Amino acid sequence: MQLVVARIGRAHGIKGEVTVEVRTDEPELRLAPGAVLATEPSSVGPLTITTGRVHSGRLLLRFEGVGDRTAAEALRNTLLIAEVDPEEVPEDPEEFYDHQLIDLDVVTRDGTAVGRIREVSHLPYQDLLIVERSDGSDVMIPFVAEIVPEIDLEEQRAVIDPPPGLLDESQAEVASSREDS
């Protein structure tokens, strides 16, 4: 099974390094020197990582055969894809691969059916579970422990504890309004 583990950003310096937007919870495993990664577009790869380092909070990688800024810049926006055993699970029991979450049934704590996870959206500050309801509409659930306290892979379900208004706008609580001031 293939998982997107990073997206190549802009070139860094003149010796072929690139910045990468990490899309894995295990960069030390997936983006280590010696790793051979497939790419999207496929015509660019496969790419073999020769070095990696963190500079000013950003991961910088260098690839075999990419020796200057021009070659590095040509890789911009390329997705890096790792081959992963579908039975493999993250070391941390609180972490999940996207393919483990897709198609899980979503229910509230009291057992009310909400829908099925259709997609996992990775945003800079938190992940969202895109849940398709039975009527075909989507609801976005922040994938944080306070709202998604339980993922049960054996039962193929995610239990959520939604705050008022997340599933039904009519139940939203207004904290303040401009007229109050």
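Reply: Start with strand pairing. This is a predicted model. Strand E1 (residues 2-12) and strand E6 (residues 79-83) run antiparallel and are joined by five bridges. Within that pair, Arg7 stands opposite Leu79 in E6.

Me: How many bridges join strand E3 to E6?

Reply: Three bridges join E3 (residues 36-40) to E6, and the two run antiparallel. Thr39 stands opposite Leu80 in E6.

Me: In what order do the strands of the barrel follow one another?

Reply: The order is E1-E2-E5-E4-E3-E6; these six strands close into a barrel with antiparallel pairing. Neighbouring strands in this sheet are turned by 50 degrees against each other on average, with direction ignored.

Me: Which strands stand at the edges of the open sheet, each with a single partner strand?

Reply: The open sheet has six strands in the order E10-E9-E8-E7-E12-E11, with mixed pairing. Strand E10 (138-142) and strand E11 (150-152) are at the edges, and each has a single partner strand, so one side of each lacks a neighbour in the sheet. From one strand to the next, the twist averages 35 degrees. Inside this sheet, strand E8 (residues 113-122) and strand E9 (residues 127-132) pair in the antiparallel sense over six bridges. Val120 has Leu129 in E9 as its bridge partner.

Me: What is Leu61 in contact with, leaving aside its neighbours within four places in sequence?

Reply: With those neighbours left aside, the contacts of Leu61 include Val18, Val20, Leu31, Ile49 and Leu80, and also Gly16, Glu17, Thr51 and Gly52.

Me: Now the charged pairs. How many salt bridges does a search of the whole structure find?

Reply: Side chains of opposite charge can pair when their charged atoms come close. The search of the whole structure finds eight salt bridges. One pairs Glu17 with Arg53, with the closest N and O atoms 2.9 Å apart. Glu17 lies in strand E2 and Arg53 in strand E4, so the pair ties together parts that are 36 residues apart in sequence.

Me: Is Glu17 buried or exposed?

Reply: Glu17 is buried, at 7% relative accessible area, whereas Arg53 counts as partly exposed at 38% relative accessibility.

Me: Which residue forms a salt bridge with Asp105?

Reply: Asp105 forms a salt bridge with Arg116, and the closest N and O atoms are 2.8 Å apart. Asp105 lies in strand E7 (residues 105-108) and Arg116 in strand E8, so the pair ties together parts that are eleven residues apart in sequence. Asp105 counts as partly exposed at 31% relative accessibility, and Arg116 is partly exposed with a relative accessible area of 40%. Further, Arg118, Glu119 and Asp138 are joined into one network by salt bridges that share partners.

Key
Residues numbered from 1 in each chain as written. Predicted model: local features only at pLDDT ≥ 70, side-chain atom pairs only at ≥ 80, totals over all residues. Heavy atoms only, no water. Pairing = 2+ DSSP bridges. Helix = DSSP H or I, 4+ residues; strand = E, 2+ residues; numbered from the N terminus. Axes fitted to C-alpha atoms, helices over the stretch in contact; angles between N-to-C directions. Contact = heavy atoms within 4.5 Å. Salt bridge = Lys/Arg side-chain N within 4 Å of Asp/Glu carboxyl O. Buried < 20%, exposed > 50% of the residue type's maximum accessible area, 1.4 Å probe, protein only.
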